[in-house]
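Please look over the fold, the helices and the ring contacts of this protein. A brisk report is wanted.

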Amino acid sequence: MDSTVKKLASGAGILLSRAVQFTEEKLGHAEKTELDAHFENLMARADMTRHWTEKIMRQTEVLLQPNPGTRMEDFVYEKLEKKVPARQCNVELLGQFMTDAGNEFGSSTPYGKTLIKCGETQKLLGSAEKEFVQASMTSFLTPLRNYVEGDYKAIAKERRLLESKRLDLDACKTRLRKARASETKASLAASTAEGENNAALWAKEVTKAEQELRVAQLEFDRQAEVTRLLLEGLSSTHANHLRSLHEYVDAQVTYYAQCYQYTLDLQKQIGSTPTPLPAWPLHPNAPPSGTIPLAPTPVTADGTNVGPAGRRSARVLYDYDAGDSSELSLLADEVITVYSIPGLDSDWLMGERGNQRGKVPVTYLDLVKS
């Protein structure tokens with residue numbers, strides 16, 4: 001019991017001594033031990049690293065999961081060390097709705113068939129998004145979070161301990177300075193027996209204060225070295241974050257390349273789906289039954305109108321693979337002859353290359369000016 005009380009009293013005395021020293025420093029009544037410039041730079045660098053790492057980490061979390069409610073749910077599961085339940089992302093959900101709608105409208109209709117194709121592609125995009133999110137969380141977010149929630153907290157703890165040791169050291173310096181001043185004053189008044197006793201007592205206080213100062217200086221130097229080693233480890237932290245950043249960029253490249261390929265394939269698929277001709281309105285001036293109306297004037301990629309029957313030369317802008325036997329495959333930069341025919345959709349022209357002929361998409365062409 002007595003030892004516990006003494007321990008509590010000693011701890012309270014240390015805290016009081018630190019509080020007094022801190023207050024006197026703020027008031028300018030006490031000196032403060034300053035750390036060297038290199039040490040101060042290391043601490044500033046650690047704070048800057050923590051500040052920007054946390055900002056990048058939070059914004060990356062928002063990017064990967066925009067829904068704050070879902071982010072909070074994932075956070076709770078993570079803290080409970082439970083597996084996050086599988087859920088569809090927004091793109092996958094859109095794909096499911098498109099597929100269901102296409103089946104409802106009928107997979108044999110042009111609209112329903114295209115909806116189903118779009119839905120299947122959206123599901124592929126959603127799957128690619130999930131892979132990108134998982135790769136980013138593992139290779140990029142985790143190292144950032146480990147620093148903010150682990151390494152930096154360890155550094156902050158050692159810095160707080162160093163500040164406590166610094167206050168103890170300066171408090172010892174203050175006590176020693178006051179004890180020496182009192183000893184000098186007592187020595188000057190040592191003409192009597194009482195004065196000699198006071199001088200002897202202050203001499204003991206000086207010796208005690210010197211011993212406490214040596215101990216405090218040793219503890220401060222030891223803690224400063226521990227803190228310095230942790231701060232100098234920031235170089236390896238930056239190297240790890242740089243490696244993680246490279247992995248994040250690689251994941252982005254893979255993700256966007258997949259998205260581009262999926263959507264390009266979809267564009268080719270829906271581009272080959274025949275679009276039905278609109279029905280003629282039933283009014284007195286309607287053309288005779290069986291007559292096919294002329295299609296709207298086609299417009300190429302550069303906005304050039306193509307006459308209803310004029311033959312023109314056109315340069316191919318991109319490679320194009322024919323979707324069926326009625327279409328003509330194209331190679332970029334080749335020159336072909338194109339013309340329109342009655343009843344052909346406005347997005348298409350007839351193209352000829354030697355003895356080959358077939359439909360070609362207008363957006364893949366650049367008409368050669370005659």
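The report below goes from the whole chain to single residues.

## Overall fold

This is a predicted model. The protein chain has 7 helices and 5 strands. Along the sequence, the order is α-α-α-α-α-α-α-β-β-β-β-β.

The protein chain has 370 residues, and 31% of them count as buried. Take the contacts between residues at least 6 apart in sequence: 67% of these join residues at least 24 apart.

## Helix H4

Helix H4 covers residues 90–105, which makes 16 residues. Its first and last C-alpha atoms are 22 Å apart, close to the 22 Å expected at 1.5 Å a residue. Which residues of H4 are buried? They are Glu-92, Gly-95, Thr-99 and Gly-102. These residues span an arc of only 85 degrees around the axis, so they lie on the same side of H4. The general rule behind such a pattern is simple. An α-helix has 3.6 residues a turn, so residues three or four places apart point the same way.

Asn-90, Phe-97 and Glu-104 are exposed, on the face of H4 turned away from its buried side. Helix H5 (110–188) is included in what covers the buried residues of H4. After H4 comes Gly-106, with a positive phi near 115 degrees.

## Helix H7

H7 has 38 residues. From first C-alpha to last it reaches 54 Å, close to the 56 Å expected at 1.5 Å a residue. Its buried residues are Leu-234, Thr-237, His-241, Ser-244, Tyr-248, Ala-251, Tyr-255, Cys-259, Leu-264 and Leu-266.

Glu-247 is also found in helix H7. Is Glu-247 buried or partly exposed? Its relative accessibility is 37%, so Glu-247 counts as partly exposed. Glu-247 and Thr-138 are 109 residues apart along the chain, yet their C-alpha atoms are separated by 9.8 Å.

## Aromatic rings

The structure holds 9 aromatic pairs. One of them joins Phe-132 and Tyr-255. This pair is stacked, with 4.9 Å centre to centre and 10 degrees between the planes. Phe-132 belongs to helix H5 and Tyr-255 to helix H7 (residues 234–271), so the pair ties together parts that are 123 residues apart in sequence. Phe-132 and Tyr-255 are both buried.

Which residues form one aromatic cluster? The members are Phe-132, Phe-140, Tyr-248, Tyr-255 and Tyr-256.

## Charges over rings

Arg-50 places its charged end over the ring of Tyr-152, 5.7 Å from the ring centre. Lys-359 lies over the face of Trp-348, and the distance to the ring centre is 5.1 Å.

## Cysteines

How many disulfides does the structure hold? The count is 0. Cys-89 has 13% relative accessibility, so it counts as buried. Cys-259 has 14% relative accessibility, so it counts as buried too. The cut-off for buried is under 20%.

## Glu-183 in helix H5

Glu-183 is found in helix H5. Its relative accessibility is 23%, so Glu-183 counts as partly exposed. Leaving out residues up to four places away in sequence, Glu-183 touches Ala-199, Trp-202, Ala-203 and Val-206. Asn-198 is 15 residues from Glu-183 along the chain. The C-alpha atoms of Glu-183 and Asn-198 are separated by 8.1 Å.

## Val-316 in strand E1

Where is Val-316 placed? Its place is in strand E1 (residues 312–316). Val-316 has 0% relative accessibility, so it counts as buried.

Which residues does Val-316 touch, not counting residues up to four places away in sequence? Its contacts are Leu-330, Leu-331, Ala-332, Asp-333, Glu-334, Ile-336, Tyr-364 and Leu-365. Val-360 is 44 residues from Val-316 in sequence. In space, Val-316 and Val-360 are 9.8 Å apart, C-alpha to C-alpha.

Methods: Residues numbered from 1 in each chain as written. Predicted model: local features only at pLDDT ≥ 70, side-chain atom pairs only at ≥ 80, totals over all residues. Heavy atoms only, no water. Helix = DSSP H or I, 4+ residues; strand = E, 2+ residues; numbered from the N terminus. Expected span 1.5 Å × (residues − 1). Buried < 20%, exposed > 50% of the residue type's maximum accessible area, 1.4 Å probe, protein only. Arc of directions from axis to C-beta. Contact = heavy atoms within 4.5 Å. Phe/Tyr/Trp six-rings, centres within 6.5 Å; stacked < 30°, edge-to-face > 60°. Lys NZ or Arg CZ within 6 Å of the ring centre and 35° of its normal. Disulfide = S-S within 2.5 Å.
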